[in-house]
Amino acid sequence: QVQLVESGGGLVQAGASLRLSCAASGRTLGGSVLGWFRQAPGNEREFVAGITYSGLLTKYGDSVKGRFAISRDNVVFLQMNNLKPEDTAVYYCAAVLSRYSIPTTPSSYDYWGQGTQVTVSS
């Protein structure tokens with residue numbers, strides 16, 4: 001079992017930055033894809049960003065391109081810049097093993113964190 005724990009969320013003003021972190025424990029994530037999703041009240045869970053284990057392949061949702069950046073070290077990060085009120089959501093870290101491309105649908109991911117709240121005020 002892979003356990004994922006998100007952190008770094010909070011309340012910020014529009015234009016500010018946050019960096020989310022996702023720490024993994026348990027089974028090795030070698031060969032995996034790590035992704036970030038978000039879900040606002042009344043909305044479907046939305047793909048935000050993903051990264052392969054090598055870090056050479058990334059993918060971003062259209063709504064965050066140019067503002068957010070995903071990276072990996074010992075944990076996976078989501079650097080969120082120029083935040084907008086519409087970015088307000090619960091952000092989830094997700095993982096899937098044995099993948100060589102980055103899926104964008106929630107059903108493609110097997111492991112999920114509990115989520116961290118990001119609130120952006122105008």
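Where is the place of Ser-32? Select Ser-32 and you land in the loop between strand S3 (18-26) and S4, where helices (H or I, at least four residues) and strands (E, at least two) are DSSP runs, numbered from the N terminus.

Before going on, a word on the ground rules. This is a predicted model, numbered from 1 along each chain as its sequence is written, in which local features need pLDDT of at least 70, side-chain atom pairs count only at pLDDT 80 or more, and totals for chains, interfaces and linings use all residues. Side-chain values use heavy atoms, with hydrogens and water left out.

**Stop 1: Ser-32**

Keep Ser-32 selected. Ser-32 has a relative accessible area of 1% and is buried; buried means under 20% relative accessible area, exposed over 50%, and partly exposed in between (1.4 Å probe, protein chains only). Now show the residues around it. Not counting residues up to four places away in sequence, Ser-32 touches Ile-51, Thr-52, Tyr-53, Arg-72, Val-96, Leu-97 and Ser-98, a contact being heavy atoms within 4.5 Å.

**Stop 2: the whole chain**

Zoom out and switch to a cartoon.

If you draw the principal axes, the C-alpha trace spans about 40 × 25 × 25 Å along them. Of the 122 residues, 42% count as buried. Among the contacts with a separation of 6 or more, 59% come from residues 24 or more positions apart.

The mean positions of the 10 positive and 8 negative charges are 5 Å apart. Here Lys and Arg count as positive and Asp and Glu as negative, while His and the chain ends are not counted; each charge is placed at NZ of Lys, CZ of Arg, CG of Asp or CD of Glu.

**Stop 3: a network of salt bridges**

Which residues are linked in a network of salt bridges? Select Arg-38, Glu-46, Arg-67 and Asp-87, and you have it on screen. A salt bridge is a side-chain nitrogen of Lys or Arg within 4 Å of a carboxyl oxygen of Asp or Glu, and by this rule the count comes to 4 salt bridges.

Start with Arg-38 and Glu-46, whose closest N and O atoms are 2.9 Å apart in a salt bridge. Arg-38 counts as buried at 6% relative accessibility, whereas Glu-46 is partly exposed, with a relative accessible area of 32%.

Now follow Arg-38 to Asp-87, where the side chains meet in another salt bridge (2.9 Å, N to O). Arg-38 lies in strand S4 (residues 33-39) and Asp-87 in the loop between strand S8 (76-80) and strand S9 (89-96), so the pair ties together parts that are 49 residues apart in sequence.

From Asp-87, step across to Arg-67: this salt bridge has an N to O distance of 2.7 Å. Arg-67 lies in the loop between strand S6 (58-60) and strand S7 (68-72), so its pairing with Asp-87 in the S8 to S9 loop ties together parts that are 20 residues apart in sequence. Arg-67 is buried, and so is Asp-87.

**Stop 4: around Asp-87**

Centre the view on Asp-87, whose relative accessible area is 0%. Leaving aside neighbours within four places in sequence, Asp-87 is in contact with Arg-38, Arg-67, Phe-68, Asn-82, Val-118 and Val-120.

Pick Asn-82 from that set. Asn-82 also lies in the loop between S8 and S9, and is partly exposed at 42% relative accessible area. Check its backbone: phi is near 50°, a positive value in a residue other than glycine.

**Stop 5: Cys-93**

Finish in strand S9, at Cys-93. Is Cys-93 buried or exposed? At 0% relative accessibility, Cys-93 counts as buried.
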